[in-house]
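Below are some notes to read with the model open beside you.

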Amino acid sequence: MNSVAFIVIAIFTLAAGLAAATLQKLMHAALSFAVTFVGIAAFFFLLGAEFVGLVQVFVYIGAVAVLIVFTILLTRRDVEKDRGFNWSGAFIAIAVFGGLIWAILKTQSLSVAAPEIPALTVKRIGEVLMTNYVWPLQCVGLLLTAALVGALILVMEEKQ
Amino acid sequence: MSPTLQLFLIVSAALFCIGLLAALSRRHAIFILIGIEMMLAGANLNFIAFWRFSSEPHQPTGVMIAIFSIAIAAAEAAVGLALVISVYRHYRTTNVDQLDQLKG
């Protein structure tokens with residue numbers, strides 16, 4: 001693992017995340033959200049989980065970001081800008097961050113270097129998914145079907 | 001010198017807190033959803049980092065949990081955005097401060 005790549009990806013991801021959390025224009029914030037998820041996918045590639053990185057790109061940038069942009073366009077008449085910023089939320093977020101950083105820095109066993117591992121192939125993921133994880137896989141399939149039907153029912157026009 | 005597990009945990013904690021900031025301080029319902037998605041992504045980064053730095057990387061447990069978590073996050077985003085559109089159709093607003101009909 002390369003530490004230069006780590007620093008570049010970390011700055012890129014966190015800057016895009018902060019932009020998505022604070023930008024006033026809705027469309028700009030949605031696009032920075034997509035950029036944040038490119039950065040997280042890059043982290044997954046850096047950590048050697050290429051399959052999860054690709055799934056992240058397909059699901060978040062291909063589907064969720066487009067869905068969010070469509071929802072912004074459909075509800076546009078309301079507000080073009082997100083006015084009003086709740087400062088107590090910022091204080092809570094900083095307090096949680098401080099607590100997490102304190103816990104991470106206090107734990108001694110975390111400062112380990114990455115061991116050498118064999119590459120995780122898609123073949124291996126497929127094998128595990130079809131043997132050890134076949135019941136969770138079926139449950140996720142059922143959950144996705146239920147979510148699809150639920151979303152359709154929610155947005156259907158009500159009959160008078 | 002390669003990055004340690006600690007650095008990955010700090011980055012994912014920062015990502016979680018940025019998501020928390022978006023979910024708590026934004027007024028617009030879509031951005032509360034974006035904040036929740038970012039918090040989920042921070043948790044996924046933790047799972048992958050712990051898998052990569054574990055002593056038994058032959059078992060891809062962290063990778064599996066991350067894949068299932070991404071699938072559940074996608075379902076959550078679809079239902080959440082459908083709710084936003086449905087609320088907008090009824091009240092003509094997506095500002096969560098104006099949705100106070102159930103307030104006592």
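1. Let's begin inside chain B of this predicted model. Helix 2 of chain B (residues 29-53) packs against helix 3 of chain B (residues 61-91), with 9 Å between their axes and an angle of about 175°. Because of that angle, helix 2 of chain B counts as roughly antiparallel to helix 3 of chain B.

2. Next, the interface of chain B with chain A. About 7100 Å² is buried between chain B and chain A, and carbon and sulfur atoms give 77% of that area. Chain A brings 84 residues to the contact, and chain B brings 72. On the chain B side, the residues that lose the most area to chain A are Arg26(B), Arg52(B) and Phe68(B); together they make up 9% of what that side buries.

3. How many salt bridges does the rule find across the interface of chain B and chain A? The count there is zero. Polar contacts do turn up: seven residue pairs across the interface of chain B and chain A, with both partners at pLDDT 80 or more.

4. As for where the chain B side comes from, helix 1 (5-25), helix 2 and helix 3 of chain B each supply at least two of the residues that touch chain A. Helix 3 of chain B gives the most, with 24 residues. Sorted by class, the side of chain B that touches chain A holds 51 nonpolar, 15 polar and six charged residues.

5. Among the residues making the contact are Leu137(A), Val140(A), Leu144(A) and Ala151(A) from helix 6 of chain A, and Phe68(B), Ile72(B), Val79(B) and Arg89(B) from helix 3 of chain B. The class count for this contact is 18 nonpolar, one polar and one charged.

6. A second pair across the interface runs the other way. Helix 3 of chain A (residues 50-74) packs with helix 2 of chain B at an angle of about 175°, their axes being 12 Å apart. These two helices are therefore roughly antiparallel to each other. The residues that meet include Gln56(A), Tyr60(A) and Ile68(A) in helix 3 of chain A, and Phe31(B), Glu37(B) and Ala41(B) in helix 2 of chain B. By class, this contact has nine nonpolar, two polar and one charged residues.

7. The partners are Lys123(A) and Glu127(A), whose side chains meet at 3.3 Å, N to O. Lys123(A) and Glu127(A) are separated by about one helical turn because they lie four residues apart in helix 5 of chain A (residues 122-131).

Technical notes: Residues are numbered from 1 along each chain as its sequence is written. Chains are lettered from A and ligands numbered from 1 in the order in which they are written. This is a predicted model: local features need pLDDT of at least 70, side-chain atom pairs count only at pLDDT 80 or more; totals for chains, interfaces and linings use all residues. Side-chain values use heavy atoms; hydrogens and water are left out. Axes are lines fitted to C-alpha atoms, for helices over the stretch in contact, and angles run from 0 to 180 degrees between N-to-C directions. Angles under 35 degrees count as roughly parallel, over 145 as roughly antiparallel, 65 to 115 as roughly perpendicular and the rest as oblique. Contact means heavy atoms within 4.5 Å. Buried area is the accessible area (1.4 Å probe) that two parts lose on being put together, summed over both. A salt bridge is a side-chain nitrogen of Lys or Arg within 4 Å of a carboxyl oxygen of Asp or Glu. A polar contact is a pair of N or O atoms within 3.5 Å; within protein, one must be able to donate a hydrogen and the other to accept it, and residues adjacent in sequence count only if both atoms are side-chain atoms. Ala, Val, Leu, Ile, Met, Phe, Trp, Tyr, Cys and Pro count as nonpolar, Asp, Glu, Lys and Arg as charged, and the others, Gly among them, as polar.
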